[in-house]
Amino acid sequence: MKRFQLTALAAASFAVAAPAMAQSSTNVTLYGVIDAGVAYVNNVATGLNAKGAHNFQAVSGIGQGNRWGLKGTEDLGGGLKAVFVLENGFNLMNGTMLQNSRMFGRQAYVGLQSAQAGTVSIGRQYDSVVDFVSPITSAKQWATQYGAHIGDIDNLYNSFRVNNSVKYTSANYSGFSFGALYGFSNQANTGGGTGFSNNNAFSIGAGYANGPLTAALGYMHLSSPGTTNANGAVSNDYSSATDIFYTSAVDKHDIAAAGVSYAIQAATVGFVYSYAKVNYVNQSSIRVNTFELNGKYQFTPRLLAGLAFVYSDGSVSGATALSGISKGTKPRWFQVNAGTTYSFSKRTETYLNGVYQRATGDAVVAAIDNVGGPTGTGAQSQIAVIAGVRHKF
């Protein structure tokens, strides 16, 4: 991370008007991630029920999302600080902005931070499930975006953020921390009086990290994220996050997740459970329970290898909305993530990862996250392999 200091000096007229105000400075950090690779995927189709084919492709941000950002603090005295983050996501292959072409689509917030009381911030932010549970998943550690759970229906790979949000994050109390977030719909209660809940969101979570043990849990609720309220808490980046499930307008989306990991010398073993339920406006719904067992081993200070097994058990009610995904009420998916990472330095590393996913039970298609599409007609398994390089600054 590159650090520089911006010093705000008062103008002469301001100094006359407010002579008692001391000069202050803001410490600003410029940071970023540049990630790119080459990937192979089999059985990839342009959409549900389309013909599949093999695909070799240059990919951007699969190992870790490409970004550049600014974050800063200003010491206000008495243990209080002003904080801000502005973070842009971009596609390295064509230079375009991500998150539906937002300038700062990954994060954008400002707030106040106290070492004793915690932080209150407002803007476009991550929810509590992402903050606390997501870091325990293999996808966020070493398995790349391809290793995310089916369709990222539990948002543990952070496919969408929360707009208009006010967030509280506690201080660290001997390894324990907690937080909560509320995202406003920004809509008036007109007509039937439902505007306040038309595309709002809230989440809560907690975590403990001390020595070899890490544990976390979180919950998020989205109300009417599939509505036409484009200025709500979760708008156009929600519908594009997991299209395999959002084949009809969504009425409510609930996510609960928990995880635990334990390090034994060079080895770390983790377990993650998530429950996601999506209710559609046409009265159909899907529930997905996902279980992930993951492990990693640090062979040398430079070489790490990991392996994970993921099982997603679905239950569909009113299958009309999911006719292209499930042929009945019990879709299931089994997934294996495997990979290695080699670090040339603290900032630059290369990785090789493979993911195998199979649709079982009543599931019609497999859909490794962001490979370009689900499996084609007649195929129920998909393999994705990626070799990439990543630099952090």
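User: Is Asp-237 buried or exposed?
Analyst: This is a predicted model, where local features need pLDDT of at least 70, side-chain atom pairs count only at pLDDT 80 or more, and totals for chains, interfaces and linings use all residues. Residues are numbered from 1 along each chain as its sequence is written, and side-chain values use heavy atoms, without hydrogens and water. Buried means under 20% relative accessible area, exposed over 50%, and partly exposed in between (1.4 Å probe, protein chains only). Asp-237 has a relative accessible area of 4%, so this residue is buried.

User: Which residue forms a salt bridge with Asp-237 at 2.7 Å, N to O?
Analyst: A salt bridge puts a side-chain nitrogen of Lys or Arg within 4 Å of a carboxyl oxygen of Asp or Glu. Asp-237 meets such a partner at 2.7 Å, and that partner is Arg-124.

User: How many residues apart are Asp-237 and Arg-124?
Analyst: Both residues are buried. They meet in a salt bridge. Helices (H or I, at least four residues) and strands (E, at least two) are DSSP runs, numbered from the N terminus. Asp-237 sits in helix α4 and Arg-124 in strand β7 (residues 118-125), a separation of 113 residues.

User: Where does the partner of Asp-35, Arg-390, lie?
Analyst: Asp-35 and Arg-390 form a salt bridge, with closest N and O atoms 3.0 Å apart. Asp-35 is in strand β2, and 355 residues away Arg-390 is in strand β18 (residues 381-392).

User: Which strand gives the largest share of the lining of the second largest pocket?
Analyst: A pocket, on a 1 Å grid over the protein atoms alone, is an open set of points for a 1.4 Å probe with protein on both sides within 12 Å along at least five of seven lines; lining residues have an atom within 4 Å of a point. This one has a volume of about 1,100 Å³. Of its 46 lining residues, those closest to the centre include Tyr-31 and Lys-71. The largest share, five residues, comes from strand β2.

Definitions and conventions
Points joined across faces, edges and corners; volume = space filled by probe spheres on them.
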